[in-house]
Amino acid sequence: MEKRTAWILLIGSFLLCIGIYTISLDCPKVLDDYHILESSKLKQILDKPFSVGLRRWVSKFTFAINYWTSGTQMKAYRLTNLILHLLTGFTLFTLILHLKKLKNNGYLLSLIVTILWLLHPLQSSTVNYVAQRMAILSALFSILAFLCYIKATEKKGPEGKLWYGGFMMSIVLGILSKENAIMILPMILFYDLVFISELRWKESMKRSLPVAIALSVVVVFIWKPFGMSKFIGGIIDSFLHPGRTITQKGWSGMDIILTPLQFWMTECRVLVRYLIIFFIPLPGLLVFDYSDAYPISQGLFSPPTTIVSIGIIAILLLWAAVNLRRHPAPAFGIFWFFVTISLESFVAVGIDYYFEHRNYLPSIGLAITAGYGITVLLKKWSFRKEVVIASLMILLSVLTYSRNKVWSTDITLWKDTISKVPENIRARITLSGLMIDRGRLEEAERFLEGIDLSRLSTPKKFQVMFNLTSIYKERGRYEEALREAETLLKLKDLNRSLRGKVYYLIGEIYRETGKWTLSEKYLIKAKKSLSDEKVGILISLSQVYVAKREYEKAEASLKEALYIEPANVMANMLLADLYLMINKKVLAEEYYTKVIGSENLLSKDTLKRVYLNLALIKATDRRYQEAMDYLEVAEQIDPEDYLIYIYKGNIYLSTGKPEQAVVNYRKALQLSSYSKDRNPNKLLLYYNLGKAFEKLGDKKEAAYYYRVFLDKTPDITLFKKLRKEAKNYLTSR
């Protein structure tokens, strides 16, 4: 294939990749995103870059950069993932071009491998899952390390040493992104021994010395901060006691009970499933989260697919070993897959045994194997290469686009998961919580029906009960909610974070029922126990303080919330409201303006209220034209809000245009929103109409509206002065 054609098709695949991932850029956080992308943690990294330690530091720092530039806008985080995915694809294309010992047929194999890997629907769970930027960066630096090593073996002198330096730096950066990057080292040694040295051990050892040095440096570098002693001890213990139940706990697998031997047997079935998904990439086979619902292999024949899977893996590895010389590319690809996935799937024994994002780096090996097969067929059958490759690009894009549609919202993602794995308790709990957030309470409760609490560990039992408590609260069944919350606090082994969530919920219940002192008490307890929900707690506390007229405390709470999350719309909005309430109009205007900058995150009612308040501020300062401009925008949002026309009428009345004031006042009276509003302030409209007609010299109409005002308003402080003026007008006639 010509170089120019290959580059055109490669650029086309990049454009297709951008297009098929745009539909999923707005999906909210999922799973690990919540605790990895906490505003407080990301701000801490910006303030003190190494305060979070070295483990996966590179990945965490990129998240902090996203936070610095875009706040909590998930689109920016996912767009960064997509850019890194494209960069990794380009680096892979370059690497395959340099693997000359694989007899790669130049640009053809490089292009096909890159397209197979880049556009494959299996990558959807990595690119769309923001937290798995760790896997993307790990793969990117692993490929760079491999490429640098190959260049180093080809160059001599200072240039060769420079490439060796790039190799070592890439390894370190890869491991600081995610630990599985270390698995590229055995693949580099394997490639050198088999394809460069052609099994001449002494020659291979000379070149492999930098790899050994790199490995030693890396091990020393990460030994303590990565807890290597405990990690390696755990691995050795698992292999020495394959029949002993795993005791480690993981959030997603806390209800799984299995032994290392059962884990390895189950992983054989999982790996064969990964192979099937890659070679038959139907979106219906992809599952975002299996959690504790994936059936465990109890023995070689339980289920029977266990022995079949072990046999398939053994045959593939045997074929690859036998055919290293005859078919080096597919054999190398098979070894790449099993070696690079082995750390997470076999070596590090645990209880999280199915995650499709683990295939991000390993699937390169499968792409090499499949790409070689397609290359052979194209040469053998004399097809138009460009047509076949373009067709492959379109097919994979359609499949990945279909998968990405599932990622368009968090609800569609979790509904897809439940439809494929109904037994997934975590998915049902998560979807129930999402429905609660959206006010779809009946659906939320339905997803919790039939769950046997007696079979769940404390954390999952807590989540089910917590969601039920939230449903009771949202339905206004506060007594039931409080009883359920008390039961939650009595659960055994309840950690500080979970206890804090209950305190937060109780504080919200008391806030909604007007019990301000009790609400403050529990919200402060929650603030001390939680970090990931601190902004929400501070916002709730500010509302309590406003209700108690402790305005300084309210201001302090909102400013603390904005220190953690400067772009938080609710905190900015409430602070603007507070400043307007205590007559600090300049500050109120400043914060309302910030809110307008995030108008796409606001409901229409909230945005309308912002413009109305800004108009009120401008009118109070006699900046009438600016006030009218804001009112025009508010009218476009909701032309049925009577306040807009009252405010307009007031401006016209103040600027000596009583006729236009009357028009707007009467329009306000005709709207249903006026008749439905129970706010007594609306009765001031009748006084203003009387005043407008008085200025017009229409004594009859002025007297009529002044009488209506007197008839409808009680003699209280709010109306006392105006009632007196209305009476004076009527008696002076």
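1. Apart from residues up to four places away in sequence, Ser397 touches Leu16, Ile20 and Leu119; contact here means heavy atoms within 4.5 Å. The model is a predicted one, in which local features need pLDDT of at least 70, side-chain atom pairs count only at pLDDT 80 or more, and totals for chains, interfaces and linings use all residues. Residues are numbered from 1 along each chain as its sequence is written, and side-chain values use heavy atoms, with hydrogens and water left out.

2. Ser397 belongs to helix α17 (residues 385-406). Helices (H or I, at least four residues) are DSSP runs, numbered from the N terminus. With a relative accessible area of 6%, Ser397 is buried, a term that means under 20% relative accessible area (1.4 Å probe, protein chains only).

3. Ala370 is part of helix α16 (residues 363-381) and is buried, at a relative accessible area of 16%. Leaving aside residues up to four places away in sequence, Ala370 touches Leu116, Phe278 and Phe279. Ala370 and Gly333 stand 37 residues apart in sequence, and their C-alpha atoms are 8.6 Å apart in space.

4. Helix α13 (residues 260-279) has 20 residues and reaches 29 Å from its first C-alpha to its last, close to the 28 Å expected at 1.5 Å a residue; the expected span is 1.5 Å times one less than the number of residues. Because 16 of its 20 residues are buried, α13 is largely enclosed by the rest of the structure.

5. The structure holds zero disulfides, a disulfide being a pair of cysteine sulfur atoms within 2.5 Å. The sulfur of Cys27 has its closest cysteine sulfur in Cys17, 17 Å away, which is too far for a bond. Cys27 is buried, with a relative accessible area of 0%.

Technical notes:
Helix = DSSP H or I, 4+ residues; strand = E, 2+ residues; numbered from the N terminus. Buried < 20%, exposed > 50% of the residue type's maximum accessible area, 1.4 Å probe, protein only.
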